[in-house]
Amino acid sequence: MVLEATMICIDNSEWMRNGDYSPSRFQAQADAVNLICGAKTQSNPENTVGVLTMAGKGVRVLVTPTIDLGKILACMHGLEIGGEMNLAAGIQVAQLALKHRQNKKQQQRIIVFAGSPIKHDKKSLEMIGKKLKKNSVALDIVNFGDDDEGKTEKLEALLAAVSNNDTSHIVHVPAGPNALSDVLISTPIFTGDGEGGSGFAAAAAAAAAGGISGFEFGVDPNLDPELALALRVSMEEERARQEAAAKRAAEEASKQEKGGEEQSSSQDATMIEHASGGTSEAENKRNDLSDDDNADDNALLQQALAMSMDEPASSHDLQDTEMSDAAVDDPELALALQLSVQDSTKGSSSQADMSKLLADQSFVSSILASLPGVDPNDPSVKEVLASMQSQSESQPKQDEDKAPKKEEEEK
């Protein structure tokens, strides 16, 4: 990449108001200047660009050579249009600005936009050209507008005086539908002296400044075929990646839909199986419960019949056996049972003694006579004593009758 310091000479004369270049000569020139500044600064980070105007009250330097592209672009706004272009004075001031550049290793270049008539004669222009060649200053000329007063011939003579090893160029841009910047993109002013980096910088600057070209990706494949091929391959790879991603997304969506349908069908099947299994289990439980109820009813009926058919003796024996078993298991219970048996025997013996005493009439009468207010000869008292004696006499007979019955039942 070439290390350069460039001064751009702008034509802001009255002829720049014409509209033969869209949208006007001055606006088309300003767009081309912006593109050139971007191309120069991007081709090498150490390149510097300056801008000056050649018309009006005199030559005026807007920006000295700098690497700040924003500063360069900002100086183009608000420029006044008027007066006549002074080409000789503009080139001399530009040469003086390049002479005082900070980096002396930078090569010097002047770019002139000539869109108005030139009043200088050919000889004076040749002298300026020889001076530029002596100081190793390259010159690029952009000739646009009307060709009057031998303008093209004068510019050709100036370029011939400056040219050294084809480092200087001239471009004639006729009026037409194409923008001035679009025509300059494919010229050596943008591409440099066969340098690929300058071509790439020019294309990038054109895209950044909104320039429109008729080439794909904004790059002429004839000037930089490797860059055009790389951009095309990159675009095809990106398109293939996007298509693969879209296809993958569609496949995943279809798989999710199929999985959802299969899951719903399996859920329906399991729900049906659970429902059928639940009904069968409920029926089985109901049948088992009915069978158990029937069996329980039958068992209870049989037990009731057996209990009704059992005799008192057998039940008494069962109770005795149960009580004996309980007494064996619990000695305290055995002691309580023994005491209860003794009480029952004592009670029976006392009842027998009482019956004997009541049967003795003399004893009963003596007792009644000893009681105050009781007359033993009272008929009511006698009736009571007679009834008690009859009950005492009937009780032993009933016991005697029950004893043989028990013996017969035990047999």
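**Close-up views of the predicted model**

**View 1. Salt bridge between Lys-40 and Glu-4.** In this predicted model, Lys-40 and Glu-4 are joined by a salt bridge whose closest N and O atoms lie 3.3 Å apart. The two partners come from distant parts of the chain, with Lys-40 in helix α1 and Glu-4 in strand β1, 36 residues apart. Lys-40 is buried at a relative accessible area of 12%, and Glu-4 is buried at 7%.

View 2. Arg-109 has a relative accessible area of 5%; because buried means under 20%, Arg-109 counts as buried. A network of salt bridges links Glu-4, Lys-40, Arg-109 and Asp-140.

**View 3. Salt bridge between Arg-17 and Glu-14.** The structure holds nine salt bridges, including one between Arg-17 and Glu-14, with the closest N and O atoms 2.9 Å apart. Arg-17 is exposed, at 52% relative accessible area, whereas Glu-14 is partly exposed, at 38%.

**View 4. The aromatic pair of Tyr-21 and Phe-144.** One aromatic pair is present in the structure. The ring centres of Tyr-21 and Phe-144 are 5.6 Å apart and the ring planes stand at 90 degrees, so the arrangement is edge-to-face. Tyr-21 sits in the loop between β1 and α1 and Phe-144 in strand β5, so the pair ties together parts that are 123 residues apart in sequence. Both residues are buried, Tyr-21 with a relative accessible area of 2% and Phe-144 with 1%.

**View 5. The largest nonpolar core.** This core has 30 residues, among which Ile-8, Phe-113, Leu-180 and Leu-184 touch the most other members. At least two core residues are supplied by each of β1, α1, β2, β4, β5, β6, α6 and α7. Helix α1 gives the largest share, nine residues.

View 6. Beyond its neighbours within four places in sequence, Leu-180 is in contact with Ala-28, Gln-29, Ala-32, Phe-113, Val-142, Phe-144 and Val-173. A separate second core of 27 residues includes Met-7, Ile-118, Ile-128 and Leu-155.

Notes:
Residues are numbered from 1 along each chain as its sequence is written. This is a predicted model: local features need pLDDT of at least 70, side-chain atom pairs count only at pLDDT 80 or more; totals for chains, interfaces and linings use all residues. Side-chain values use heavy atoms; hydrogens and water are left out. A nonpolar core is a set of buried Ala, Val, Leu, Ile, Met, Phe, Trp, Tyr and Cys residues joined through side-chain atoms within 4.5 Å. Buried means under 20% relative accessible area, exposed over 50%, partly exposed in between (1.4 Å probe, protein chains only). Helices (H or I, at least four residues) and strands (E, at least two) are DSSP runs, numbered from the N terminus. Contact means heavy atoms within 4.5 Å. Rings of Phe, Tyr and Trp (its six-membered ring) pair if their centres lie within 6.5 Å; planes under 30 degrees apart count as stacked, over 60 as edge-to-face and the rest as tilted. A salt bridge is a side-chain nitrogen of Lys or Arg within 4 Å of a carboxyl oxygen of Asp or Glu.
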